[in-house]
Amino acid sequence: MTTTPLSADVLVIGWGLAGLVAASEAISAGKRVILIDQEPRSNLGGQAWWSFGGLFFIDSPEQRRLGIKDSLDLATQDWFGNAGFDRAEDHWPRAWAEAYLQFAAGEKRAWLRERGVGFFPVVGWAERGGYGAIGPGNSVPRFHITWGTGPGIVAPFAEAVHRAEEAGT
Ligand SMILES: Cc1cc2nc3c(=O)[nH]c(=O)nc-3n(C[C@H](O)[C@H](O)[C@H](O)COP(=O)(O)OP(=O)(O)OC[C@H]3O[C@@H](n4cnc5c(N)ncnc54)[C@H](O)[C@@H]3O)c2cc1C
């Protein structure tokens, strides 16, 4: 057996959605990327390809159109009511949750729209608490279904990787 040495700036292991997004961001930053997976290429996108493509946004145009009153404060109350975050070792999970909530209330939707991702105009109510705003779970509907479901959320990132491969970068 012969082996061919490969070199790159970035090695991404796993071509699920996390790996595809990481690879496409590195490519757009001008990096040479090697992307590998234990599964055959037909599994590009991993679980996300099979998923419903439901995405968490806070105070989106889809929610407003349906009269759903949402805000970063309400979503923070929902998440923190669920998580607890009352121990010293909760520092980083809490910091991650705060950053993710800000992302979901801010640039997340626009960032995906820029990449051609669209959303079904009806917002679902997944992970609902059922106990009002101070109980666990989402106190309002926040489940935005990607147009094209799972394959629709994978597509822009898989296409960026394909384009880079064809260009030899
Ligand atoms: C049916 C279904 C519906 C879902 N619906 C939703 C939804 O509506 N909304 C939502 O937010 N989430 C949903 N999810 C969950 C969501 O799809 C996953 O959380 C997400 O896709 C995980 O992405 P990932 O890249 O982190 O991991 P994965 O998709 O699991 O990708 C990991 C990749 O790494 C590879 N790998 C692992 N170990 C190695 C190794 N040692 N060497 C090489 N490769 C390796 C695997 O083969 C795989 O391809 C759903 C999941 C399923 C299955």
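Which residues make a nonpolar surface patch of about 410 Å²? Leu 66, Phe 120, Val 122 and Trp 147 make it. The model is predicted. The protein chain has 169 residues, and buried residues make up 37% of them. The chain holds seven helices and five strands, and 18 residues stand around a ligand.

**Overall layout**

- Read from the N terminus, the elements of the protein chain follow the order β-α-β-α-β-α-α-α-α-β-β-α.
- The C-alpha trace of the protein chain spans about 60 × 40 × 25 Å along its principal axes.

**Surroundings of the ligand**

- Among the 18 residues around the ligand, those that come nearest are Ala 18, Asp 37, Gln 38, Gln 47 and Gly 54.
- Sorted by class, the shell around the ligand consists of nine polar, seven nonpolar and two charged residues.
- Helix H1, residues 17–28, and helix H2, residues 46–50, each supply at least two residues of this shell.
- Helix H2 gives the most to the shell, with four residues.
- Asp 37 places a polar side-chain atom 2.6 Å from an oxygen atom of the ligand.
- At Ala 18 the atom concerned is a backbone N or O, and the distance to an oxygen atom of the ligand is 2.9 Å.
- A polar backbone atom of Ala 48 is 3.2 Å from an oxygen atom of the ligand.
- On its own the ligand has 1,000 Å² of accessible area, and the protein covers 53% of that area.

**Nonpolar surface patch**

- Trp 147, one of the residues of the patch, sits in the loop between strand E5 (143–146) and helix H7 (149–167).
- Trp 147 counts as exposed because its relative accessible area is 56%, and the cut-off for exposed is over 50%.

**Salt bridges**

- How many salt bridges does a search of the whole structure find? The search finds 10.
- Arg 41 and Glu 165 form a salt bridge in which the closest N and O atoms are 2.6 Å apart.
- Arg 41 is partly exposed, with a relative accessible area of 46%.
- Glu 165 is also partly exposed, at 46% relative accessibility.
- Arg 109 and Glu 62 meet through their side chains in a salt bridge, with an N to O distance of 2.7 Å.
- This pair, too, links distant parts of the chain: Arg 109 belongs to helix H6 (residues 107–114) and Glu 62 to helix H3 (residues 61–65), 47 residues apart.
- Are Arg 109 and Glu 62 buried or exposed? Both Arg 109 and Glu 62 are buried.
- Another salt bridge joins the side chains of Arg 115 and Glu 114, at 3.5 Å from N to O.
- Arg 115 counts as partly exposed because its relative accessibility is 30%, a value between the cut-offs of 20% and 50%.
- Glu 114 counts as exposed, at 63% relative accessibility.
- Arg 115 and Glu 114 also belong to a network of salt bridges that includes Glu 25.

**Two further residues**

- Gln 63 lies in helix H3, the helix that also holds Glu 62.
- Why does Gln 63 count as buried? Gln 63 counts as buried because its relative accessibility is 0%, and buried means under 20%.
- The side chain of Gln 63 makes a polar contact of 3.0 Å with the side chain of Asp 70.
- Glu 39 counts as partly exposed, with 36% relative accessibility.
- Glu 39 and Trp 15 are 24 residues apart along the chain, and their C-alpha atoms are separated by 8.9 Å.

Note on methods. Residues numbered from 1 in each chain as written. Predicted model: local features only at pLDDT ≥ 70, side-chain atom pairs only at ≥ 80, totals over all residues. Heavy atoms only, no water. Near = heavy atom within 4 Å. Polar contact = N/O pair within 3.5 Å; in protein donor to acceptor, adjacent residues only side chain to side chain. Areas by Shrake-Rupley, 256 points an atom, 1.4 Å probe, with all protein chains shown as cover. Nonpolar A, V, L, I, M, F, W, Y, C, P; charged D, E, K, R; others polar. Patch = residues over 30% accessible without salt bridge, like charges linked within 9 Å, V, L, I, M, F, W, Y side chains within 5 Å. Salt bridge = Lys/Arg side-chain N within 4 Å of Asp/Glu carboxyl O. Buried < 20%, exposed > 50% of the residue type's maximum accessible area, 1.4 Å probe, protein only.
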